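Please consider the structure shown below. The paragraphs that follow lead through its charged pairs and its surface.

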Amino acid sequence: MVAVVGVLGTLLSALLTQRAADRSRRREQERAEEGVERSRQAQELRSCYVALNTAARQYLAVLTDQLHAMGRDEDRGAVRQRLNDARDQYREVYAEAQLQVPERVLELAEEFSHDLGAVYGMARRLDDGVPQGDDSLPAMRACIEALWARLRRMRGEMREELGAFGSNLGR
């Protein structure tokens, strides 16, 4: 009887040790997979931020070009087309960002996008010769300068958010 208990104890001990090792390997694999997933999500977020920042900068740059072209009273057809293209590109990138970025960055992006649209509207009204209310080239210039400052603030929030993932991500 003692020998049977001893043999069973030895067999159960080996079985329990094997099960514990299997559980430990599974936990380690799950942690590794979670790390890979976090890294993938961080990289996707970084790509989204880069696209949003690039599109916003291009849009603002073309708005500035439009402002200068109106001030010089030159043919604005090419600048107008570039402005429409930049606006379309920004809207596409912004729509994607709405589904990916965290709430605090999204709030800044929403405000920025709204004001960017208001400046676009002012530019179009001025360009078409039908200004409303406070529409003027100096007002447009002031709005564009304010948007550049807000873009810097938004970019800072994006960088801070990327830092929350605990990775450098190429900075």
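**Salt bridges and surface patches**

R40 is partly exposed, with 37% relative accessible area (buried means under 20%, exposed over 50% and partly exposed in between, with a 1.4 Å probe and protein chains only). This is a predicted model, in which local features need pLDDT of at least 70 and side-chain atom pairs count only at pLDDT 80 or more, while totals for chains, interfaces and linings use all residues. Residues are numbered from 1 along each chain as its sequence is written, and side-chain values use heavy atoms, with hydrogens and water left out.

The partner of R40 is E37: the two form a salt bridge whose closest N and O atoms are 2.3 Å apart. A salt bridge here is a side-chain nitrogen of Lys or Arg within 4 Å of a carboxyl oxygen of Asp or Glu, and the count by this rule comes to 13. E37 and R40 are separated by about one helical turn, because they are 3 residues apart in helix α1. Helices are DSSP runs (H or I, at least four residues), numbered from the N terminus. E37 is itself partly exposed, at 32% relative accessibility.

Other pairs link separate helices. R104 and E161 meet through their side chains in a salt bridge of 3.1 Å, N to O. Since R104 belongs to helix α3 (residues 103-128) and E161 to helix α4, this pair ties together parts that are 57 residues apart in sequence. R104 is partly exposed at 35%, whereas E161, at 15% relative accessibility, counts as buried. What surrounds E161, leaving aside its neighbours within four places in sequence? E161 is in contact (heavy atoms within 4.5 Å) with L45, Y49, P102, R104 and V105.

R150 and D115 form a further salt bridge, with the closest N and O atoms 2.0 Å apart. R150 lies in helix α4 and D115 in helix α3, so this pair ties together parts that are 35 residues apart in sequence. Salt bridges with shared partners also join R104, E157, E160 and E161 into one network.

The surface carries a nonpolar patch as well, formed by V4, V7, L8 and L11, with about 370 Å² of accessible area together. Such a patch is made of residues with over 30% relative accessible area and no salt bridge, nonpolar side chains (Val, Leu, Ile, Met, Phe, Trp, Tyr) being joined within 5 Å; areas come from the Shrake-Rupley method with a 1.4 Å probe.

Terms used:
Patches are made of residues with over 30% relative accessible area and no salt bridge: like charges are joined within 9 Å, nonpolar side chains (Val, Leu, Ile, Met, Phe, Trp, Tyr) within 5 Å. Helices (H or I, at least four residues) and strands (E, at least two) are DSSP runs, numbered from the N terminus.
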